[in-house]
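I opened the notebook to record what I looked up in this structure. The entries follow the order in which I went through it.

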Amino acid sequence: MDQTIALRVRDISKSYPGVRALSGADLEVEHGRVHGVVGENGAGKSTLMAVVSGAIRPDTGNVEICGRLLDPPTPDRARELGVAIVHQEPALLPDLSVAENIYLKVPPSQRPGTGALRLWASDCLAAWDPEANIDVDARVEQLTAEERFIVEIAAALAALPELLILDEPTEHLGRDDVDRLFARVRTIAGSGCAVVYISHRIHEVKQICDSLTVLRDGEVQGHFAADALSEDDIVALIVGRDLDATFPGKGGDLSRTRLELEGFHGGGFNELSLSVAAGEVIGLAGIEGNGQREVLRSLAGMARSHGAVKIDDHAVRVNSRRSALGAGIGYLPGDRHREGILPELSVRENIELRNLSSISTAGVVVGSRSTALVERAVASLDIKTPSMETPMSSLSGGNQQKAILAGLLATCPRVILVDEPTQGVDVGAKVEIYGHLRDMARETGVAVVVVSSDAFELAGLCDRVLVFSRGSVVATLSGHELSESAITSAALMADTHRTTSTGRRRLTWLSGDTAPVALIALTALLVAVLAGQKNPLYWSDFNITSLLALVVPLAAVAMGQATVMMTGGIDLSVGPLMGFLVVVGSFFLTADDGPPRQLLGWALMFALAALVGLVNWVLIDLLRLPALVATLATFFALQSFSLLLRPTPGGIIDSGITATLTRQVWILPGMFVAVVLLAIALQLALRRTAWGIRLRAVGSDPDRAALDGIRPGLVRLRAYLICSLLAAVGAVALLVQVGSGDPAAGTNYTLISISAAVIGGASIFGGRGSYVGALLGAFLVQQVIGAIPFLLLSTQWESYLVGIMTLVAVAIFSKFRQLSKVE
């Protein structure tokens, strides 16, 4: 066994329907070496690295890491063997914090205790950059693209890997962070780690790599010493032919003004006055966060702005995306995965969506028009796709970008706004995109405004470049003054400063898990004051004790519902399950039953609850039924069983059991105290244990969670079991209140448990939730229901008010979470 080889790949092949991604690929990388892997989009680079990292199982071949076979080929096994990967699109979990994401990225043996998690994560980020201004408690969805990449890189380095895979690591990084990355790569390689570096930026590959492998159409074209090839040689090997000049020629008639801004300003940038000629391509540059991207998004109607905007000397409004589109402003987003494509829809549908007005009549898509438009768009940009019906997610990054651009150009815009036109795009596709933008500008007179972090790209593509600093233009470069070094110099020599506004901090707090608690407390206080003013008896000891007793069953089942919702599921069976367990208990917990039979009754109640949770999981995870359908089926089945066992209420519960379970601590019911302690314990487990992190990770993104070694199916199994067991706890409290086996006792708890969980901050999409929030949500729901008689309202208001509170909670928290996301 050769001890110098860190990675050995032998005869790897992988096919998908209609596509052969890899064919007999071989690769060897030595310890202490930086090895580049280059090729066009779709050449198989990312697929090969996914095989090496255990994310994809190959059809043939095998992978060895430091002489040990990657078997089974799973992310867990790869991580165990010392593999760390930085993905082209960071595989982070958006609803988890920065610290929790870093925690999941390192092998279990290297993870700190959760009590030391924040400090450890801060040290990981400081190891990357001591001045990194990234809050380890911030949710990943609140980070910029650059910050997300830094987090993923810092996590990979924290894993102390034997093999580090960097897939397009500089696409979202500023110049300082690129330099920092290269320094760290050289250091880690010097310590003996093998590094695989994938990039479309050939000059970076030449700069950092010792050797390289060229892939084309899934096949290895050869292995080379990096210093033995020129950049032109590498490009020719990648595309299989010699390319013309990277950038098309500039020039043309720029005498007619197409776009004019006067006093244009908005969030992140100051007043801007600017004229762009028909056929002109201008660039907006600057260190990230200095306003250039905000100008583009505001012009696209994606952010609020003020000032005059004219197109062809006519005033237009850009206060929304719809109004900007109506004015003839097309927008190519920089983050295609989040804003540019609908990944599960086909290529045809993605292009159609941008052109519905031109291919439909009276709201009905005309097939012939649609087919002609889509075929013309695909042919015009030479989009490589097996068919028009292929899902966008199956295309390479370059072809996805060309498909977005093709759909945009088909709308015949008068102004095109382009954010990072070639991010994640191979060298051949870059040349094509540059040519299409220039041809469109020259032939149709469209004005093109480009934002790019690549100064070389701006210098080669644009007629003029405006350099931003602190929201203002500090330099305008054109003609012989326009060069990569001039753009970089102007950006670096300006006085730049990035800040986080108080408004952003408030939105971050309002989008978090503590905001629901504070808002519920405020609402509960308001309800109490109003009810107490109407009737002083509302504040009596008897009413407070009764209210808290009624909270117990709802709080227990709401916490169960929140558990399942955090995984992205739902459980409609909890209400009938509570009623069914009450009925079962009524056969074993009467005064005629002795202690052994009563003990059997308690055990049977909780065992049946666990069985129902298991059945729900089998229907959802193994039989692949939607959670809504599966648990609705269980809902009706449990109702039927309850009615079969007890068609009418019966079976009086032993008074000794009732007396024990209704004991009080002062005016507080003992069971209420117990459920509060249970909520606190579960909340601590949710935030302070690996179980809680895994639970929220699966709800945030099950596929990415699986890449971190989490087993989503197992997590969901535990969630449904916990939900049913907490419903059993609620059934115990309900049993005492009802006093007999009533088959209809728990039916209403299904919907109000969902309401309580949502009001407490649980997201219907998964990844978010709080046990204390669910407890307080249950308290507020029950308080409102109990206050209705004191407020002299009819019982109809119970449903009205609970429904209104649920809708308001969903609307408020969804809006705050949307606003807190960094675009």
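**Entry 1: the sheet.** I began at valine 34, which stands opposite valine 195 in β8. The model is a predicted one, and I read it as such. I then looked up how strand β3 (residues 34–38) is joined to strand β8 (residues 194–198): the two run parallel, with four bridges between them. Next I asked myself in what order the strands of the open sheet come. I read the order as β6-β7-β8-β3-β9-β10, six strands with mixed pairing. At the edges I found β6 (83–86) and β10 (219–225), each of which pairs on one side only.

Helix α8 (residues 231–239) lies across β3, β9 (211–216) and β10, and runs at about 30 degrees to β9.

**Entry 2: the nonpolar cores.** Which residues touch the most other members of the largest nonpolar core? I found Ile102 and Leu164, in a core of 147 residues. Helix α21 (residues 541–566) gives the most to this core, with 14 residues. I listed the contacts of isoleucine 102, leaving aside its neighbours within four places in sequence: Trp120, Ala121, Cys124, Leu125, Val151 and Ala155. Another core lies apart from the largest one; this other core has 47 residues, among them Leu373, Ala406, Val448 and Val467. For background, I wrote down that nonpolar side chains tend to be buried together in soluble globular proteins.

**Entry 3: helix α27 and its partners.** I looked up helix α26 (residues 670–688) against helix α27 (residues 690–700). The axes are 5 Å apart and the helices pack at an angle of about 75 degrees. Angles of 65 to 115 degrees count as roughly perpendicular, so α26 is roughly perpendicular to α27. From α26, the contact is made by Leu682, Ala685, Leu686 and Arg687; from α27, by Trp691, Gly692, Ile693, Leu695 and Arg696. I sorted this contact by class and got six nonpolar, one polar and two charged residues.

I then took α27 against helix α29 (residues 712–738). Their axes cross at roughly 105 degrees and come within 10 Å. These two helices are therefore roughly perpendicular to each other as well. On the α27 side I listed Trp691, Arg694, Leu695 and Val698, and on the α29 side Pro712, Val715, Arg716, Arg718, Ala719 and Ile722. The classes here are seven nonpolar, no polar and three charged residues.

**Entry 4: glycine 651.** I found glycine 651 in the loop between α24 (627–645) and α25 (655–661). What is glycine 651 in contact with, leaving aside its neighbours within four places in sequence? I listed Ser586, Thr590, Arg646, Gly739, Ser740 and Gly741. I also took the distance from glycine 651 to methionine 302: 63 Å in space, C-alpha to C-alpha, with the two 349 residues apart in sequence.

**Entry 5: helix α30.** Is helix α30 (residues 749–759) mostly covered or mostly uncovered? I found it mostly covered, with ten of its eleven residues buried. The buried residues are Tyr749, Thr750, Ile752, Ser753, Ile754, Ser755, Ala756, Ala757, Val758 and Ile759. Last, I looked at glycine 761, which follows α30 and has a positive phi, near 110 degrees.

Note on methods:
Residues are numbered from 1 along each chain as its sequence is written. This is a predicted model: local features need pLDDT of at least 70, side-chain atom pairs count only at pLDDT 80 or more; totals for chains, interfaces and linings use all residues. Side-chain values use heavy atoms; hydrogens and water are left out. Axes are lines fitted to C-alpha atoms, for helices over the stretch in contact, and angles run from 0 to 180 degrees between N-to-C directions. Angles under 35 degrees count as roughly parallel, over 145 as roughly antiparallel, 65 to 115 as roughly perpendicular and the rest as oblique. Contact means heavy atoms within 4.5 Å. Ala, Val, Leu, Ile, Met, Phe, Trp, Tyr, Cys and Pro count as nonpolar, Asp, Glu, Lys and Arg as charged, and the others, Gly among them, as polar. Two strands pair if DSSP finds at least two bridges between them. Buried means under 20% relative accessible area, exposed over 50%, partly exposed in between (1.4 Å probe, protein chains only). A nonpolar core is a set of buried Ala, Val, Leu, Ile, Met, Phe, Trp, Tyr and Cys residues joined through side-chain atoms within 4.5 Å.
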